[in-house]
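My plan is to look things up one at a time and jot down what turns up.

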Amino acid sequence: MSEAHDHPDCPWPPSPQDVALERDIARLRERIRGAARIVIVGGGYIGLEVGSVALSLGIETVIVEAAPRLVARGASRGLSDYFPRHYQGQGARILCATTLSAIEGGAGSGTGARLSTAETVEATL
């Protein structure tokens, strides 16, 4: 067993939650594969993780967050300020202080997202 596995921050064997998370990410990759553009509602850690997966697959990504900054409730101002630069550097569009007004085309078969700014962002997912 390597020394890294003896470290309390790197448990071995992996916990059931870690294994489930890996399966969830694999399912997410399969679900969004083939989408041209994805609109993610929520700029918290989970929304950003979904954004990372989408960007890694080359999917145009728009992240919509109601708060004035990403991860506003879960990160310091400095860390929160880092996220937009990071994701925009990968090609994502970040819209803070913006909410979802409606899904164009209906849930499950939507063609876009109508936002509180009156903008409609076309999306395949």
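This is a predicted model: local features need pLDDT of at least 70, side-chain atom pairs count only at pLDDT 80 or more; totals for chains, interfaces and linings use all residues.

Entry 1: I looked up how the strands are arranged and found an open sheet of three, in the order β4-β5-β6, with antiparallel pairing. β4 (100–104) and β6 (120–122) sit at the edges with a single partner strand each, so one side of each has no neighbour in the sheet. From one strand to the next, the twist averages 20°. I then checked β5 (residues 112–115) against β6 and got three bridges in the antiparallel sense. Gly112 has Glu122 in β6 as its bridge partner.

**Entry 2: Ser80.** Is Ser80 buried or exposed? I looked it up: the relative accessible area is 1%, so Ser80 counts as buried, the cut-off being under 20%. I found Ser80 in helix α3 (residues 77–89). Leaving aside residues up to four places away in sequence, Ser80 touches Arg69, Leu70, Val71, Ala72 and Ala75.

**Entry 3: the rings.** How many aromatic pairs does the whole structure hold? My search gave two. In one of them, Tyr45 and Phe83 have ring centres 6.1 Å apart and planes at 85°, so I wrote the pair down as edge-to-face. Tyr45 belongs to helix α2 (residues 45–56) and Phe83 to helix α3, so this pair ties together parts 38 residues apart in sequence. Tyr45 is partly exposed at 43% relative accessible area, while Phe83 is buried at 10%.

Terms used
Residues are numbered from 1 along each chain as its sequence is written. Side-chain values use heavy atoms; hydrogens and water are left out. Two strands pair if DSSP finds at least two bridges between them. Helices (H or I, at least four residues) and strands (E, at least two) are DSSP runs, numbered from the N terminus. Axes are lines fitted to C-alpha atoms, for helices over the stretch in contact, and angles run from 0 to 180 degrees between N-to-C directions. Buried means under 20% relative accessible area, exposed over 50%, partly exposed in between (1.4 Å probe, protein chains only). Contact means heavy atoms within 4.5 Å. Rings of Phe, Tyr and Trp (its six-membered ring) pair if their centres lie within 6.5 Å; planes under 30 degrees apart count as stacked, over 60 as edge-to-face and the rest as tilted.
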